[in-house]
Amino acid sequence: MLESDNNLHKRSFDIEGGNFTNAGTVSTRIKSILKEIGLPDTVVRRSAIVCYEAEINIVSYAKKGVINLTVTPETVEIEAIDEGQGIPNIELAMQPGYSTANQQIREMGFGAGMGLHNINTYADIFDITSEVNKGTHLKMIIKKH
Amino acid sequence: MDIAAIVNQLNLKVRSGKDRLNNNVTGGYTGDLLSDVMANSSAGDVWITRQIHQNIVAVASLKEHAAIILVSSCEPAKETLERAQQENMPIMVSDLPAFELTGKIFNLLAAEK
């Protein structure tokens, strides 16, 4: 695939941990990019949901992180890589309702323990790896067709 | 049904997005857990909540909600209003609690079908 190919978009966005003021702005940007490309509404919406959950997780639990967006002719790929506390038990973290969020996060309506579960529901392919006290790496793929 | 009709019939106070009151409302969703709203609400919904912080605007905007309605006379935070103006998202305030407001809006939308 050539870089000049219109079907291939690659962008990277930095996320600051703990900054709830800007939480969601990267997802909003990515959603407008996908809309401008002219992807089907359902693909744009599913991408926005998984991206938002990944972004909120970085803001809630990590020192900092990055979200990479790659649009290929067949897929939208969203990667969220953070430096943070990591997840000791991924199987447990995937269970709906399980959360380690503190009171401040919960009072804002985050930390319901639905984030990873939502990502798993809305992404066609979801890979997660994590190392305690290092960070977490999410890879989410949404098929265009 | 547009937002203006709901505003008039339920005496809602409009706090932002005055020029978007012609947004079409196709349904509604009530909830204060942002992930729940992210996962289960639909485009065109009015979102009924008592969360007042600015993150509600990002959720409503990402989900393409028609408007946000705050219940029990909760006023949006200053940052929420600023964000809502940037995103052109209507926010209204009702003096009713979530249960009653949801029932009334449900009936308005049902009567239209």
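Biologist: Taking two strands as paired if DSSP finds at least two bridges between them, how many residues lie between β2(A) and β3(A) in their hairpin?

Modeller: Three residues separate β2(A) from β3(A) in that hairpin. The model is a predicted one, where local features need pLDDT of at least 70 and side-chain atom pairs count only at pLDDT 80 or more, while totals for chains, interfaces and linings use all residues. Residues are numbered from 1 along each chain as its sequence is written, with chains lettered from A and ligands numbered from 1 in the order in which they are written.

Biologist: In which sense do β2 and β3 of chain A pair, and over how many bridges?

Modeller: β2 (residues 62-71) and β3 (residues 75-84) of chain A are antiparallel, with nine bridges. Within that pairing, Ala62(A) faces Gly84(A) of β3(A).

Biologist: And what is the strand order of the sheet in chain A?

Modeller: The order is β1-β2-β3-β5-β4 in an open sheet of five strands with antiparallel pairing. β1 (9-16) and β4 (125-131) of chain A are the edge strands, each pairing on one side only.

Biologist: Which bridge partners can I look up in β2(A) and β5(A)?

Modeller: In β2(A), Ile67(A) is the partner of Phe13(A); β1(A) and β2(A) are joined antiparallel by eight bridges. In β5(A), Lys139(A) is the partner of Glu79(A), and β3(A) pairs antiparallel with β5 (residues 135-143) of chain A over seven bridges.

Biologist: Turning to the helices, which residues of α5(A) are buried?

Modeller: They are Gly115(A), Leu116(A), Asn118(A), Ile119(A) and Tyr122(A). A residue is buried with 20 or more other C-beta atoms within 10 Å of its own, exposed with 12 or fewer, and partly exposed in between, with C-beta atoms placed from the backbone. Viewed down the axis of α5(A), the buried residues lie within an arc of 160 degrees (taken from the directions from the helix axis to the C-beta atoms), so they line one face of the helix.

Biologist: What covers them?

Modeller: The cover includes α2, α3 (90-94), β4 and β5 of chain A, together with α2 (34-40) of chain B.

Biologist: How many residues does each chain bring to the contact?

Modeller: Chain A brings 19 residues and chain B 14 residues, where contact requires C-beta atoms, placed from the backbone, to lie within 7 Å. On the chain A side, α1 (25-37), α2 (41-61) and α5 (115-122) each supply at least two residues.

Biologist: What is chain B like overall, and how compact?

Modeller: Chain B contains five helices and five strands, in the pattern α-β-β-α-β-α-β-α-β-α. Its radius of gyration, over C-alpha atoms, is 12 Å, close to the 13 Å of the globule rule (2.2 Å times the number of residues to the power 0.38) for 113 residues, so chain B is as compact as a globular protein of that length. Of its 113 residues, 43% are buried.

Biologist: Is Asp19(B) buried or exposed?

Modeller: Asp19(B) counts as exposed because it has 8 C-beta neighbours inside 10 Å. Asp19(B) sits in the loop between β1 (13-16) and β2 (27-30) of chain B.

How values were computed: Contact = placed C-beta atoms within 7 Å. Helix = DSSP H or I, 4+ residues; strand = E, 2+ residues; numbered from the N terminus. Pairing = 2+ DSSP bridges.
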